[in-house]
Amino acid sequence: TPARAAVARLDPGLALYDVVPMDQRVLRALGPERASMVLTLAFAMIAVALAVIGVYGVLAWSIAQRVGEIAVRMALGAQRSRVIWMILVQSARMIALGLLLGTAGAIALGRLLAARIPEVDAVDPLVIAVAAFSFAVAAFAASWLPAHRAGQVDPMQALRDE
């Protein structure tokens with residue numbers, strides 16, 4: 001390597017060992033921490049995906065149970081936009097309750113971890129705010145499809161099926 005050649009020119013008797021570029025040395029030093037962070041990120045992404053799928057599933061099931069009600073509303077003159085708005089408000093309430101309970105659980109778990117591990121902050125408001133906002137956006141996006149489908153209900157067909 002060029003480093004070995006330069007040192008050999010300066011002092012041929014100098015013993016060199018473990019000569020590697022600095023970026024490789026840093027990668028080796030941070031490897032275990034990086035692996036745990038990647039694993040934590042993967043689990044967090046899976047948790048968010050499961051939560052969004054859960055929001056979608058609960059809302060789709062709820063709408064499927066209310067098809068008759070939605071059909072009656074539309075048969076009596078409710079506009080599609082009002083039906084969609086009604087479903088989105090219902091999902092926003094559900095999301096807000098979930099965020100409230102989840103934030104309370106995160107704060108409690110953070111305090112528990114801080115009591116056991118001194119390096120852990122009990123509550124990081126920025127992290128909690130970013131996580132809550134990200135989940136709220138993802139959950140609201142997941143609720144859009146069931147709400148849009150509720151707006152597409154054909155009142156006559158739904159009432160015949162009932």
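Let's start with salt bridges: a search of the whole structure turns up 2 of them. A salt bridge here is a side-chain nitrogen of Lys or Arg within 4 Å of a carboxyl oxygen of Asp or Glu. Side chains of opposite charge can pair when their charged atoms come close. Keep in mind that this is a predicted model, where local features need pLDDT of at least 70 and side-chain atom pairs count only at pLDDT 80 or more, while totals for chains, interfaces and linings use all residues. Residues are numbered from 1 along each chain as its sequence is written, and side-chain values use heavy atoms, with hydrogens and water left out.

Now find Glu69. Its side chain meets that of Arg66 in a salt bridge, at 2.9 Å from N to O. Glu69 also forms a salt bridge with Arg73, and there the closest N and O atoms are 2.9 Å apart. Why are Glu69 and Arg73 separated by about one helical turn? Because they sit 4 residues apart in helix α3, which covers residues 67-75. (Helices are DSSP runs of H or I with at least four residues, strands are runs of E with at least two, and both are numbered from the N terminus.) Since the bridges share partners, Arg66, Glu69 and Arg73 are joined into one network.

How open are these residues to the outside? Buried means under 20% relative accessible area, exposed means over 50%, and partly exposed is in between, using a 1.4 Å probe and protein chains only. Glu69 counts as partly exposed because its relative accessibility is 30%, and Arg73 is partly exposed too, with 38%.

Arg66 itself is found in the loop between α2 and α3. Its side chain makes a polar contact of 2.7 Å with the side chain of Gln90. A polar contact is a pair of N or O atoms within 3.5 Å; within protein, one must be able to donate a hydrogen and the other to accept it, and residues adjacent in sequence count only if both atoms are side-chain atoms. Leaving out residues up to four places away in sequence, Arg66 touches Met86, Ile87 and Gln90, where contact means heavy atoms within 4.5 Å.

Met86 takes us into helix α4. Beyond its neighbours within four places in sequence, Met86 is in contact with Arg66, Glu69, Ile70 and Arg73. Met86 and Ala147 are 61 residues apart in sequence, and their C-alpha atoms are 8.3 Å apart in space.

Next, the inside. A nonpolar core is a set of buried Ala, Val, Leu, Ile, Met, Phe, Trp, Tyr and Cys residues joined through side-chain atoms within 4.5 Å. The largest one has 12 residues in all, including Leu59, Ile63, Ile70, Met74, Ile87 and Ala147. Helices α2 (22-65), α3, α4 and α5 (125-151) each supply at least two residues of this core, and the largest share, 4 residues, comes from α4. There's also a second, separate core of 6 residues, with Val55, Leu99, Phe135 and Ala139 among them.

Stay with Leu59 for a moment. Not counting residues up to four places away in sequence, Leu59 touches Ile87, Gln90, Ser91, Met94, Ser143 and Pro146. Is Ser143 buried or exposed? Ser143 is buried, because its relative accessible area is 0%. Ser143 lies in helix α5, and a polar contact of 3.3 Å joins its side chain to that of Ser91. Setting aside neighbours within four places in sequence, Ser143 is in contact with Leu59, Leu88 and Ser91.

Further along the surface, Leu109, Leu112, Leu113, Ile117 and Val120 form a nonpolar patch, with about 390 Å² of accessible area together. Patches are made of residues with over 30% relative accessible area and no salt bridge: like charges are joined within 9 Å, and nonpolar side chains (Val, Leu, Ile, Met, Phe, Trp, Tyr) within 5 Å. The areas come from the Shrake-Rupley method with a 1.4 Å probe, and for residues only the protein chains shown count as cover. Leu112 is found in helix α4 (residues 80-116) and counts as partly exposed because its relative accessibility is 47%.

Finally, look at Gly13, in the loop between α1 (2-10) and α2. Gly13 is exposed because its relative accessible area is 71%. Gly13 and Ala131 are 118 residues apart in sequence and 58 Å apart in space, C-alpha to C-alpha.
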